Amino acid sequence: MTNEPVLQINHLQKKFGHFEALKNITFDVHAGEVFGFIGPNGAGKSTTIRVLLGLIRATDGNATIFGQDVWSNSVAIHRRLAYVPGDVYLWPNLTGGEIIDLLLKMNDTQHSSRTDELIKQFGLDPTKKARTYSKGNRQKVALIAAFSQDADFYIFDEPTSGLDPLNERQFQMAVLNLKQQGKAVLLSSHILSEVERMCDRIAIIREGTIIETGSLAEMRHLTRTVINVTLKTPLDLTQLAGVHNVEAGQHPNEWQFSVEAKSLPAVMAALTEHHIMALQSTPPTLEDLFMHYYTTEKE
Amino acid sequence: MTTHFSRTGRLTGLALRRDRFKILIWILVLAGLMVGVAYKFTDIFGTQHEIAAIKDTLKSPAMVALLGAFKFTNNPSTAQIFSTEMVVFMAIAQIIMNIMLGIHATRGEEDQGITELVRSRAVGQLAPLSAAALELVIVNAIIAVIYGAGLGLSGMHGITTAGNWAVGIGLATVSLVFGLLGLVAAQLADHSASATGLTYGLFGLAYIVRMITDVQDPDYTWWSPLGWVEKISPYYHLNWLPIVLSLVTAIILFVLAASINLRRDLNAGALATRPGRRTASSFLRGPASLLWRREHNVIIGWIIGIAVLGMTYGSIYNTVGDMLKTNPTMQQVFGANVLHEANHAMLVNFTSTLVVLMAAVAAIPGIQLVYKLYSDETNGWLESLYARPLSRTRLFFSYVITGLLSSLVTFVGAISSLIFVGNATLDHPKDGLTMFEFWQSVWGQLPAILVFIGIAATIIGWWPRIRSLNWLYLGLGFITIYMGGMLKLPKWAQHLSPLGWMNKVPTHDVEWTNFSWMLALSVALILLGWWGYRRRDLHMS
């Protein structure tokens, strides 16, 4: 039971007419992990999530949550699931407080002291009509309803796009808290720093296909490390295998270049022969990875 | 000052483009009815004999209540009969068009956040409002031209060129008054549903004032803007005053809307909203109670509004069911018993026309609530519900059953207030309708309402895009029954819609076999819709 993934997606496909929105989506999310789901607009993140919620039906492939099919057992699954949509639409003539309570009651949960605490933390005025809320306040309503629910699987679809930095931090702390409690979290986002900080594993989606899955550390092997080095004796770096983008620095024998992960040992050995005086290495950020996938492989 | 209006022209063009299909359908239906009926009218009421027969009917209080009090010559022309039968009815249809287009173009756009985007451009503060008003003016003008020219080409006996254009222009200006009333309401209320409710409330009031004054003393009908269309009297003593009056009123209403618009904040109404509850009441716990919480004002508005309409029609029972008024010698010739029977028959006949009207109107809230299931879906509101342990079955039936109950209560309330208030006004209670006739009226049209709601459910389950077809069907079905007798439509046309599938009640008995299969059909349609709704993808914005 413990080893079984909370969410399991196998070769999921979704066609709208002739348009293939999802071509091949495969990944798992396990209990106790925060899983990042990243990709540019229109890549299929929200479509995938809507299939997972049973709002739309997959054309092919399958997806299960808690071992149950997402389309036919959606009601049973949703008892143990919490979701925050990317665009939160609320009934305009209800107050935020009423909506939070209503959403909780539909999961047989009550307004608790935890709810009050969250309302305070996020700084929401629950007596205002939803019509008057800004985008960030609408997101807070959905977030408060999700966090005060005791679910086993949480899905967040770009939840912080309208939040201010303070509330963004509240959100991140609440998610880490869920992780410590052993809950599973699927976080779709394109705020890469947030994903980098919070997620244990990441899936990258492009044009309806998952192109990479793994931890950030694993992914870093797929790309290049940027190195800034000052040597004592001259060396023609362009002759080394696996070295790219060589640029001269301000000082003689100062070089900046990027190196493929697999060539790193050989390059380091060569540098050592020329006496390293200063060395700075910058691991690729998620942003570099992202750009790498979307710019170099686009053609 | 002129900067207030900058880019109004461009926005008007945009509005006309945005609403082009709606406008086209309205124009086709309205112009088709008006010109089509005019074209056939000489065949229906061409001879002196035919005209003499309808003339007395139109003078009866029942018809005056329904169509308005018109004056005509002793030997009325076909055109005079035509304007008596058509003008008020066509005005109502055109007014509904104006209210729908006007509120959608102002408060509707503002609700969707479109106005905010538009106003961030180099666009005058009054430009969106003025564009909406101009859109209404243009659409009404097009209709006026089609009416004026179409009536001229119809070749109907007794038409005059001035009269034809007075019909077209008069209907346009009076309808415009209500359209602009909608624009004022759109400034007062802070979302489109309450603006619509407010406008229809005032329109209903205008209708009731027209009806009561027409029956009691037509001189007072000037007090209702809707009554002005009667006063044009196009083919008898043509009077342009109502047209001037409605134009002046329209301008005043526009200035009023504009001045409120300049004083209020964007996205807020002039009437302030109070802060609401901090927590939800224990009643609010599921999709059905949520729907009630959001829509109860609208539902109660329908129930009360239609009940008031029923009461108002009921209040003229005593006038309608009094043969002595039209035929003073009747009692001496036939005796009291025959007189009472004749009075009773008049009332039953009057009631049967109204039962169809009430059924058609009572179907509207039910269809609207079923359609809400789709508009809530596209508005994104169902996304947070469906992320909860909530089945499609439960949500579907929450909306459908709420719709069914609303229509049911509206209909029964309307028939009750019509017949019971009507009976209470009678000088001779014996002339009134019996309990048996009351129930016949209810059972005779109830299945038609259910079928229309069933069709709505099927549409939402399978092809939500064609949902306006059901409105068209309801509208045309109503017209064929309501006007069927007056326009001498063939039988098959009157049987087109569910409203005509059963005998008229309470003039005839309920046909229980038809009742049963119509009931079965509506259940089948609802189940079909349910099946489709469980299978289809949801459209999220």
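How far apart do the C-alpha centres of domain 1 of chain A and domain 2 of chain A lie?

Modeller: The C-alpha centres of these two domains of chain A lie 43 Å apart. Domain 1 covers residues 7-218 and domain 2 covers 224-283, with bounds from an automatic or database domain assignment. This is a predicted model, in which local features need pLDDT of at least 70 and side-chain atom pairs count only at pLDDT 80 or more, while totals for chains, interfaces and linings use all residues. Residues are numbered from 1 along each chain as its sequence is written, chains are lettered from A and ligands numbered from 1 in the order in which they are written, and side-chain values use heavy atoms, leaving out hydrogens and water.

As to the charged pairs, a salt bridge is a side-chain nitrogen of Lys or Arg within 4 Å of a carboxyl oxygen of Asp or Glu. The count over all chains comes to 23 salt bridges. One of them pairs A:Arg50 with B:Glu383, with the closest N and O atoms 3.2 Å apart. This pair joins two chains, because A:Arg50 lies in helix H1 (residues 45-52) of chain A and B:Glu383 in helix H17 (residues 381-386) of chain B. Helices here are DSSP runs (H or I, at least four residues), numbered from the N terminus. Both A:Arg50 and B:Glu383 are buried; buried means under 20% relative accessible area, exposed over 50%, and partly exposed in between (1.4 Å probe, protein chains only).

Within chain B, B:Arg294 and B:Asp376 form a salt bridge whose closest N and O atoms are 2.8 Å apart. B:Arg294 belongs to helix H12 (residues 287-314) and B:Asp376 to helix H16 (residues 336-378) of chain B, so the pair ties together parts that are 82 residues apart in sequence. B:Arg294 and B:Asp376 are both buried.

The salt bridge between B:Lys40 and B:Asp43 has its closest N and O atoms 3.8 Å apart. Both residues lie in helix H2 (residues 20-44) of chain B, three residues apart, about one turn of the helix. B:Lys40 counts as partly exposed because its relative accessibility is 44%, and B:Asp43 counts as exposed because its value is 56%.

Finally, salt bridges link B:Arg18, B:Asp19, B:Lys22, B:Glu109 and B:Glu135 in a network.
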